[in-house]
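Please prepare a briefing on the ligand site and on the sheet in the structure shown below, with the cut-offs behind each term.

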Amino acid sequence: MRIMNFYDKDIVSIRDLNRKQIEEILEVSERMVPYAMGDKRTKCLEGRILGNLFFEPSTRTRLSFESAAHRLGIDVIDVSEMSMTSISKGETLADTIRMVDAYCDLIVLRHPHEGAARLAAKFSINPVVNAGDGAGSHPTQTLLDLFTIKRAKKKIDGLNIVLVGDLKYGRTVHSLIDALAMFGANLTFVAPESLQMPDDNMKHVKEMGANPAVTDDLTDVIRYADVLYVTRIQKERFPDPSEYNKVAGMYRIDNEMLREAKSDLVVLHPLPRVDEIAPEVDGTPHAKYFEQAFNGIPVRMALLYLILGGEGI
Ligand code: CP
């Protein structure tokens with residue numbers, strides 16, 4: 001069945017979606033899993049073209065969108081460096097988007113500047129999906145995070161979810177907390193004061209009814225956590241490298257620290273990690289971050305399917 005309320009829709013922010021719509025995306029994502037794994041085949045969107053514009057480095061988001069497109073029979077055109085486009089000759093982002101819009105049916109954009117995806121959506125007739133805009137937001141990451149939590153814990157409502165690391169510049173957490181507040185999870189923010197959740201994001205989740213706890217001490221809260229969402233300190237977004245050096249390496253999850261945790265604690269990370277999760281954690285039942293990265297494929301398949309009007313799955 002085609003779910004019309006996604007057809008041709010931009011996904012710029014998780015705030016563009018309500019809880020019911022998110023639940024629908026998660027349901028369709030579940031149906032996509034056998035296709036994402038290659039156990040079932042479909043060409044249900046054959047003849048459609050995805051424009052993958054990545055003006056900032058990416059492994060997971062770019063390749064999982066590409067893989068998701070191929071699994072649905074969609075062709076992909078892509079750019080992975082701004083220097084390889086006519087932006088390097090002075091063309092504006094708006095004009096670039098107008099051009100790419102004419103060459104494809106849906107644009108996926110990653111850009112270093114917050115607000116770039118919203119601007120792209122304004123100038124594109126076809127739908128635009130935000131694949132991360134500076135320190136702004138990363139809504140498709142949030143959808144796969146929710147999918148991973150739901151699969152692991154069978155629910156989201158009422159879970160104790162601890163987010164740790166760079167909550168100031170980390171766009172994944174900015175999107176995720178909006179969705180978690182929508183689902184009624186209990187939030188705890190763990191970061192040094194200089195990297196705590198920005199006031200605007202905090203204000204927004206409070207308006208949604210959440211009441212996040214705030215601390216810089218992970219050991220104090222890890223024992224209550226159902227989900228520990230670890231993030232990298234976003235070195236590239238620090239205006240002053242000496243400020244980065246003050247906070248680098250402040251939190252490191254290792255097996256010693258996890259001894260304090262619940263036996264069914266789920267550890268997530270949007271990746272890439274640097275040194276915030278020790279490799280020894282990878283082999284424990286807590287580690288779900290590689291599964292989380294795989295989940296980008298069924299979730300992005302579901303989005304492409306719904307937005308482009310796929311049928312038959
Ligand atoms: N999680 C995530 O956005 O990873 P990439 O930067 O590799 O796309």
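By class, the shell around the ligand comprises two nonpolar, five polar and two charged residues, where Ala, Val, Leu, Ile, Met, Phe, Trp, Tyr, Cys and Pro count as nonpolar, Asp, Glu, Lys and Arg as charged, and the others, Gly among them, as polar. This is a predicted model, in which local features need pLDDT of at least 70 and side-chain atom pairs count only at pLDDT 80 or more, while totals for chains, interfaces and linings use all residues. Residues are numbered from 1 along each chain as its sequence is written, and side-chain values use heavy atoms, with hydrogens and water left out.

**Ligand site**
- The residues around the ligand (a heavy atom within 4 Å) are S58, T59, R60, T61, R110, H138, Q141, P270 and L271.
- Oxygen atoms of the ligand lie 2.8 Å from a side-chain N or O atom of R110 and 2.9 Å from one of H138, polar contacts being pairs of N or O atoms within 3.5 Å.
- A nitrogen atom of the ligand is 3.0 Å from an N or O atom in the side chain of Q141.

**Sheet**
- Five strands form an open sheet in the order 7-6-5-8-9, with parallel pairing; strands are DSSP runs (E, at least two residues) numbered from the N terminus, and two of them pair if DSSP finds at least two bridges between them.
- Strand 7 (213-215) and strand 9 (266-268) stand at the edges with a single partner strand each, so one side of each is left without a neighbour in the sheet.
- Strand 5 (residues 160-164) and strand 6 (residues 186-190) run parallel and are joined by five bridges, and V162 stands opposite T188 in strand 6.

How values were computed
Polar contact = N/O pair within 3.5 Å; in protein donor to acceptor, adjacent residues only side chain to side chain. Helix = DSSP H or I, 4+ residues; strand = E, 2+ residues; numbered from the N terminus.
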